[in-house]
Amino acid sequence: MPPSLRLLFIFVLLGWMPLLSRASPQTVIDVTVSRTRVQRGDKVEIRLQNPKGDAIEPILFRPTAGSEKLTFTPTTQATTLLAEVSLDSSSPEGLYVVHAWTGPAANPNSVGKATFLLGRLVTDFFIAPYVDAAKPEADVENYFRDFRSVGGNFLVVHNLISPTKSLFPSKVVKTDVTAGSPGDIVELALREADKHGFPVLLSVRWDMTKQSPYKDRMAEIKAIAKELYDNYRQHPSLAGFYSYQEGSGTYYASFISEFSQFIKSLNPNLLTACAPHVDDPLLAGYLSTIEELDIIIYQAGVMASYRTDNRKKYPFRRVKDFCSLGAGARLLQNKIAINHVELFAYLENRLSPETTATTYDNIYQQILSAATVPNADGISFFSYHAHVYETAKKLPQVAQSKAAVVDGIRAFDLINGKVSNKNNSLAVYFPYSDWIIERWSNYFLPALDAFRKLGIAVDVLPYAPPLEESFYPYYPFHANKAVLDRLLKEQT
């Protein structure tokens, strides 16, 4: 090679080296659990593998309890460790996180995570911009204690980027927040979550500080997700990521598929989650086919109908109907399906003109309806933090909204645990149709009401296409044989 070309090659290589270094994946400790759903009395085997052979520090993060060190038994393979966790009658309900690392705990060389679920999740959307800027630590501490007191055990830390800056240190998004400063709301929330035993999903959105073309948003979402993981992976409470972007049609499935695949590329055991509006019943089936998607929060949208020119004004029973689609998808593909209720409302459904929080009756009836869905893995609120905890600081009448949440969770536990704790004898199946959105409103919802009038409780099973036919805009043509065989075998 001529000297001039050799010199050019060296300059090019040196110029690329920082990019190559950033692109190289950080070591991930391989963590596996013997089961992902458990009951009290079960035992869970945990296996850790670290090909590099470095000393591994493993802990079990118990919901509402916090971290405890795991005792592992060495195996014949020096790089493999085994442990067994017994879940006795006192084990708390919620999401358990196995968190392992090598190197310093605060800045680990490698990280491994795995999760398993016991019982139900009571989830809130923690809205980061609502944190009191004058005393953030005390405010977040008080919130965690408050939400725990009503039965909460799981969080989505939400709205991490405002139109002016990110609420965490970032080299991707414009911000004035520095590492370790009080303005780092993500660090603060995760630190409190570590202490109080709340598993957390971080909500990821695109860069809201600039008007980038829509075609660039997925790249921004991926860059922000990676930055968040790199910054906060050391926290035992960090269980995964939630997609800020919502959707209501089958087009949404391709977006969530790409989002979930990227999150799994960071660490294959990170949980992925989304919250669709299920106006299109096929969306539940399409989302169920995404192997990398773990948690689906099905929004009923009952209270938050605000457009005066297009107000469906769904009755409370529609919470059950919409959320049943999610439970049906869970049955098809073993997802974690969380029912959802709104604690806010618009126009005449507000508690008062000064707040968007809604009334006791509106909250309580939604929760009762959600409780009648068999196979649900819990319930979520939008948002206890924003519309109850924060608003109650100024308006005493919001105490009735909090009382509705307390009474509702108690009723949810009773109904979901004693009454709707197993599948109903009949299920309504929603077949594939390119006009299913119209039929959902005009035919299927009235059909579900007809069963109610007959006194017959039914489940809902949405069509789920075969994996190879789950890509829009192509129409599926065949039954999902894997799902069909399982339903016939289990005689659901």
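Reader: Which residue forms a salt bridge with D407?

Author: Let's start with the general idea: side chains of opposite charge can pair when their charged atoms come close. In this predicted model, D407 forms a salt bridge with R410, and their closest N and O atoms are 3.1 Å apart. Because D407 and R410 are three residues apart in helix α10, about one helical turn separates them.

Reader: How are D407 and R410 classed, buried or exposed or partly exposed?

Author: D407 has a relative accessible area of 25%, so D407 is partly exposed. R410 reaches 53% and is exposed. Elsewhere, salt bridges that share partners join R317, R318, D321, D449 and R452 into one network.

Reader: How many salt bridges does the count come to?

Author: With a nitrogen of Lys or Arg required within 4 Å of a carboxyl oxygen of Asp or Glu, the count comes to 28 salt bridges. One of them joins the side chains of R37 and D377, at 2.7 Å from N to O. That pair links distant parts of the chain: R37 is in strand β2, D377 is in the loop between α8 and β19, and they are 340 residues apart. As for cover, R37 is partly exposed at 25% relative accessibility, while D377 is buried at 4%.

Reader: What does the salt bridge of D139 with K393 tie together?

Author: First the contact itself: the closest N and O atoms of D139 and K393 are 2.7 Å apart. D139 lies in helix α2 and K393 in the loop between α9 and α10, so the pair ties together parts that are 254 residues apart in sequence. D139 is buried, with a relative accessible area of 5%, whereas K393 counts as partly exposed at 44%.

Reader: Let's turn to strands. Which residues of β21 lie on one side and which on the other?

Author: In a regular strand the side chains alternate between the two faces of the sheet. In β21, V458, V460 and P462 are on one side and D459 and L461 on the other, and all are buried, leaving both faces covered. Five of the five residues of this strand, 458-462, are buried, so β21 is largely enclosed by the rest of the structure.

Reader: In what sense do β20 and β21 pair, and over how many bridges?

Author: They pair in the parallel sense, over five bridges. Within this part of the model, Y429 stands opposite L461 in β21.

Reader: Which residues make the nonpolar surface patch of about 280 Å²?

Author: L426, L454 and I456 make that patch. L426 takes its place in strand β20, which covers residues 426-430. At 44% relative accessibility, L426 counts as partly exposed.

Key:
Residues numbered from 1 in each chain as written. Predicted model: local features only at pLDDT ≥ 70, side-chain atom pairs only at ≥ 80, totals over all residues. Heavy atoms only, no water. Patch = residues over 30% accessible without salt bridge, like charges linked within 9 Å, V, L, I, M, F, W, Y side chains within 5 Å. Areas by Shrake-Rupley, 256 points an atom, 1.4 Å probe, with all protein chains shown as cover. Helix = DSSP H or I, 4+ residues; strand = E, 2+ residues; numbered from the N terminus. Buried < 20%, exposed > 50% of the residue type's maximum accessible area, 1.4 Å probe, protein only. Pairing = 2+ DSSP bridges.
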